[in-house]
Amino acid sequence: MEEKTNALRQFDKQKLPYACRSYDPEETRGEEVARLLGLDPASVFKTLVTVGASRRNYVFMIPVCRELDLKKAAKAAGEKSVQMLPAKELLPLTGYVHGGCSPVGMKKLFKTFIDASAEPFATIAFSAGRRGLQVQTELASLAKLIPFTFAELTV
């Protein structure tokens, strides 16, 4: 049996339902990951970590088929501006590597925003905390693990 990630341990600890789906970890294109898993790319989300002008960090979850609009992200966070966290700072800050960053089970809890396009889906998928591993769950279950706010975040 595959070792559990921090994210999956959090789901198990709270006894929340989820499905774990694996794919070739060499695949880095989000839309291709969605296709490999047989999922609508609009329901598969990437986890992006940013830093605001205030030096606070924020997490944004957006569909793999879209791009983060930094102005909309800053507005949602109440910041003058936000920028992507440099890749070398991701592991020390979150405990996750680029391409395997989950919003669940980070070293610290950061203010998290999910693109409003997620609301109509019964379930969404996102990184389970390791490259090649996705977790699929209901938003209500995710809300029991991390507080989040819906916002218009994409270009």
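The buried residues of helix 3 pack against strand 3 (57-63), strand 4 (82-84) and strand 5 (111-115). Keep in mind that this is a predicted model.

**Exercise 1. Find which residues of helix 3 (residues 70-77) are buried, and work out how they are arranged around the helix.**

Step 1: Pick out the residues with under 20% relative accessible area. In helix 3 these are A73, A74 and A77.

Step 2: Now look down the axis of helix 3. Its buried residues fall within an arc of 100°, so they line one face of the helix.

**Exercise 2. Describe what is found at the N-terminal end of helix 3 and what follows the helix.**

Step 1: Begin at the N-terminal end, which is capped by D69. One of the side-chain oxygens of D69 is 2.9 Å from the backbone nitrogen of K71.

Step 2: Move on past the helix. The residue that follows is G78, and its phi is positive, near 70°.

**Exercise 3. Determine how strand 2 (residues 45-52) is paired, and whether strand 2 is largely enclosed or open.**

Step 1: Start with strand 3. It runs antiparallel to strand 2, and seven bridges join the two. As an example, F45 has P63 as its bridge partner in strand 3.

Step 2: Look at the hairpin these two strands form. Four residues lie between the strands, and R55 has a positive phi near 80°.

Step 3: Go to strand 4, which is also antiparallel to strand 2 and is joined to it by three bridges.

Step 4: Check burial. Seven of the eight residues of strand 2 are buried, so the rest of the structure largely encloses this strand.

**Exercise 4. Locate T50 and describe its surroundings.**

Step 1: Decide whether T50 is buried or exposed. Its relative accessibility is 0%, and therefore T50 counts as buried.

Step 2: List its contacts, leaving aside residues up to four places away in sequence. T50 touches R56, N57, Y58, F60, L68, V82, Q83, M84 and L85.

Step 3: Finish with a distance. Between T50 and F121 there are 71 residues of sequence separation, and their C-alpha atoms are 25 Å apart in space.

Notes. Residues are numbered from 1 along each chain as its sequence is written. Side-chain values use heavy atoms; hydrogens and water are left out. Buried means under 20% relative accessible area, exposed over 50%, partly exposed in between (1.4 Å probe, protein chains only). Contact means heavy atoms within 4.5 Å. The arc is that of the directions from the helix axis to the C-beta atoms. A polar contact is a pair of N or O atoms within 3.5 Å; within protein, one must be able to donate a hydrogen and the other to accept it, and residues adjacent in sequence count only if both atoms are side-chain atoms. Two strands pair if DSSP finds at least two bridges between them.
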